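Dear colleague,

Please find the structure below, together with its sequence. My notes on what was found in it follow directly after.

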Amino acid sequence: MPKKVLADVVVIGGGPAGMAAALGARESGAKIVFLLERGDELGGILNQCIHAGFGVQRFGEELTGPEYAGIYKDRLASSSIEVMTSTLVCEVNRDGYVKAVNRSGIWEISARSVVMAMGCRERTRDMIRIPGTRPSGVFTAGLVQYMVNVDGLLPGKEAVILGSGDIGLIVARRLELEGVRVNAVVEIRDSLSGLVRNYVQCLLDFNIPMLFSHTVTGIRGEDRVEAVKISKVDNSWRPIKGASQWMECDCLLLSVGLIPENELTQRLGIPICPESGGPYIDEKGTTEIPHIFACGNVSSVFDLVDYVSIISERTGSAAALKNPPAPVSFILECGGGVGLVVPQRIRERGEGDIFVRPATALRDGNIRFQRGERIIYEKPISICRPSEMIRIPSRGIEWPHETGKVKIEIDGEPVQGI
Amino acid sequence: MKKRYDLIIIGGGVTGCALAWYFSHYDFEIALLEKEMDVCCGVSKANTGIFHSRSYWTPDTLKGELHLRSLSWFPRAKKELDLPVRECGALTVALSAADIGHLREVKARGRCPEAEIMGPIEARKREPNLNKNLKAAYYDPGTVVVSPFQLVCSLAECAALNGVEFHFDQHVRGFDQTSKYIRVLTPENNWEAAFVITAAGLFSSEIARYSRDKISDIRPCRGEYFVLDRDCDGFVNRVLYPAPRERSKGILVCPTPEGNVLAGPNFEPLDRFDSSTTYFGLEEVEKGAHRLTPHIPLHKNIRNFSGLRPTLPDRDFHIFFSNTYPNLLHLVGIESPGLTAAFGIAEYVGEKLHNKGLTLREKNDFRFRKAFPVFREADWKTREALIREDPDWGEIICRCEEVTVAEVKHALRTPPGASTLDGLKRRIRTTAGRCQGSFCLMSIPRLMSEIGNVPYGNMYKEGRKSPLFAGETREECSRSEYAEKGSC
Amino acid sequence: MENQFRESKEIICTACPMGCHTVVERENNTLLVRGARCPRGERYVKEEADDPRRIVATTIKIQNGNIRRLPVKTSRPFPRDQIRALVQAISPLEVSAPVKRGEIIKSNLFGENIDLVATRDVPLKDKKKITHY
């Protein structure tokens, strides 16, 4: 027979979001909290991010990923939260019934609230349709990070990395340190996707060439990657004819974006926001189903784990409470210059933070929130990049009495290169 | 003493494995030699996976004859192999009035009582995503889709279960004759058998020349494909063919037994063996798929691939005894519909060998293959029982296809077992889902090492030239200019 | 070290996300920074010009653990130009599980008074995991 248990809160996913949400729920009075993780340990992606740079916002010191995860693991160990690792959730239904599988059998957990914290996955070669052969040596950058840092396995001897997001840059440095030459980092945009700090410390420190406005348009090698075709692109990212060359390498690493992992959410019929790739949520992480919540990268890919922790603790707290949520007061919409906004729904004015991801890199501009004709928030920004979210405390916004749609816009001068 | 076989089969594709399975019903010592590390590594791994019904046979050809013969084998094979199939039927779609004539031809050729030509309304009732502008469609219930991977692996497993030896990494370099036996020469070994059959796909002409037999060159014809995410399941429920063209069956859209949607192939003759996908080819497939189903969600593509058909100039199968070695039989130009015709080919070859004096004495202890359970497809009660029996059923290492450690174990250990990453994919669908291995590759190397005893340095994607890893960190302390500073 | 930086050098400031492109010049042992938009940036750029340092994170081998590599870091920022040498030098190091986060694996690296520290716990390997081999 399946093991049937009752819970106040079930958290799906034991990465940074799930760990914080479980602790938040417990601290806000939820008695029985389950934290379900499919990997064989808690921590999620943090375990493979061995570099420093985490925790400045949350803990006021610079930590590595494993250290940051370690703090939460310790807290969970001394809490009474039921942690189950190597446990995969196969089904969730709208009533808060969760079906999971692990080595001890099948678990049916009926929970008052469910927190979705499944994180995200990497975009693959096929999603960006790079033609060519299908040899060994084409990997996503995050997978390589795991292979190198946790398993100690090297993906090749000479790499080309597509995408200048932070994972790509950080993996480039790791490979160089391990004796794998990185021949180039190739970026289809005309400006850096990741942080300038990572550009300096990962590429400049190791003399790794960076190619803007270029992309990979072919792969050669029947068995193992032998070379990749690198093409210059025009303003609409189309390869320019005749402007391409083959670059030799034995592996191609893709750092071409992350997708919130919402298969479970979608099966519940919860609508997904096309910009964020996650469910529409409010300032506490409530989805369209009041007792189902989402936090962390499953709701939108965040730039800093610190933000994920802060938000997820709040989401966990909300999941612990029994009172139904207030009605939605405002719907936030992306206007010009805005890539995404999270949360997209505001119930209570002045609670929590709003995160806005710029669509492109801009300098000397403004960010504006508008309710109809009325500007309810405006702030100059010296620089913004898609890699860094703009964090706006909700209490800093002059929320009007009148509810409805709020449009967010960013303008400024385009930034090129670094 | 050197082992001698009654029969050696060269090539572990669908043809070679169907031959192995067919002959394993009889009382023979059989070996199958394959140059790769697994079965299903060449032509057989990259095709549409359709058992075409009799409506699509090609009259007045050997391939047409063997196609028809094969169809009667299908129920038996399905039972003996415990093969999952999707008996979905097919619609051949006429998008212009001129195409309707083609539908009539197909219907007449099929002589299938349940088949019918229907109007656009009726066709769209069955397949709502069909192009609104279709003029008519020919419905044929006899078309079946299979996983080519599953088909070849189940043939091989059933053959192995009945005593066929599989030997991998065997690059055949030539033939020789002893007094009674044909000798098959490979770099490390000489193999001897009374009869030898070659089924070498793209290399079939080359192999035939090793015995100094004259045959035209194989011309590879490339076809490219899209595989869509399983959450598109139901977008089409039948094979949708365009009205037939000259050279191929055209770009079709079809469901797979696992619930993906497949679109392709185009048809591009090449002058070299190149299985790259191309912008041009994928665009062509995109256009073809859009013609049939304008709203096909190609943005849900999880994988592109291309396959090569080993065609001869007359576009037919050539099955003939060598002029040099009388008991050596060559199978050349086994292209589409090679998958459909595989059983017919096996039976035909059996007759040819029988006529040459091979006695077919049926075994009385032939064993059927029993498919290993698939966790993803099992109901909850079965899952529960499986985990109770072996907790490895409770550890899911592939989130997309919900593959468990128990299945990995099985795939590595059931002869002829998987020894490569793609070998696992063919058997249990690891790395075949939407994340294409980003998650399961975190555990597969460890499992291959712990269960399969494969050292990390010997892990390959497919063949010996495709290592997964280039080395390990901290394994070599290099004697570079930095070494002298190693005083820390 | 002093020879490496001579007259003028371009440095991208990473003190904040602005990423100012600055130029540093040395004249008679004083550093002049052009292009920095704030005092914090100016301080950072001077430091980067004089003695650039980084926290170094890498892994070492670990036996009997539930993972095959132990992540480690330098306890304080380490001279940038010796990072490769450092990683090479610690390559032969090998420890045995269990290890605790914060444990010093090697002290006083290169005489810099900087330690190499484990950044996570590694428990002993759970051998019973796959049951039915």
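Domain 2 of chain A and domain 3 of chain A bury about 810 Å² between them, and 59% of that area is on carbon and sulfur atoms. Buried area here is the accessible area (1.4 Å probe) that two parts lose on being put together, summed over both. The model is a predicted one, in which local features need pLDDT of at least 70, side-chain atom pairs count only at pLDDT 80 or more, and totals for chains, interfaces and linings use all residues; side-chain values use heavy atoms, with hydrogens and water left out. Residues are numbered from 1 along each chain as its sequence is written, while chains are lettered from A and ligands numbered from 1 in the order in which they are written.

Chain A is divided into domain 1 (3–121 + 258–325), domain 2 (124–254) and domain 3 (327–418), the bounds coming from an automatic or database domain assignment.

Turning to the chains, chain A and chain B bury about 4,400 Å² between them, 54% of it on carbon and sulfur atoms. On the chain A side, R103(A), R129(A) and R134(A) lose the most area to chain B, together 17% of what that side buries. In this pairing, 51 residues of chain A are in contact with 50 residues of chain B, and the count of salt bridges is 6. R103(A) also meets E395(B) through their side chains in a salt bridge (2.6 Å, N to O).

Within chain B, helix α5 (residues 148–161) and helix α11 (residues 421–428) pack at an angle of about 95 degrees, with their axes 8 Å apart. The two helices are therefore roughly perpendicular, a label that covers angles of 65 to 115 degrees. F149(B), Q150(B), C153(B) and E157(B) of α5(B) make the contact with K425(B), R426(B) and R427(B) of α11(B).

Finally, chain C is divided into domain 1 (8–50) and domain 2 (57–118), and their centres, taken over C-alpha atoms, are separated by 31 Å.

Yours sincerely

Key:
Axes fitted to C-alpha atoms, helices over the stretch in contact; angles between N-to-C directions. Helix = DSSP H or I, 4+ residues; strand = E, 2+ residues; numbered from the N terminus. Parallel < 35°, antiparallel > 145°, perpendicular 65-115°, else oblique. Contact = heavy atoms within 4.5 Å. Salt bridge = Lys/Arg side-chain N within 4 Å of Asp/Glu carboxyl O.
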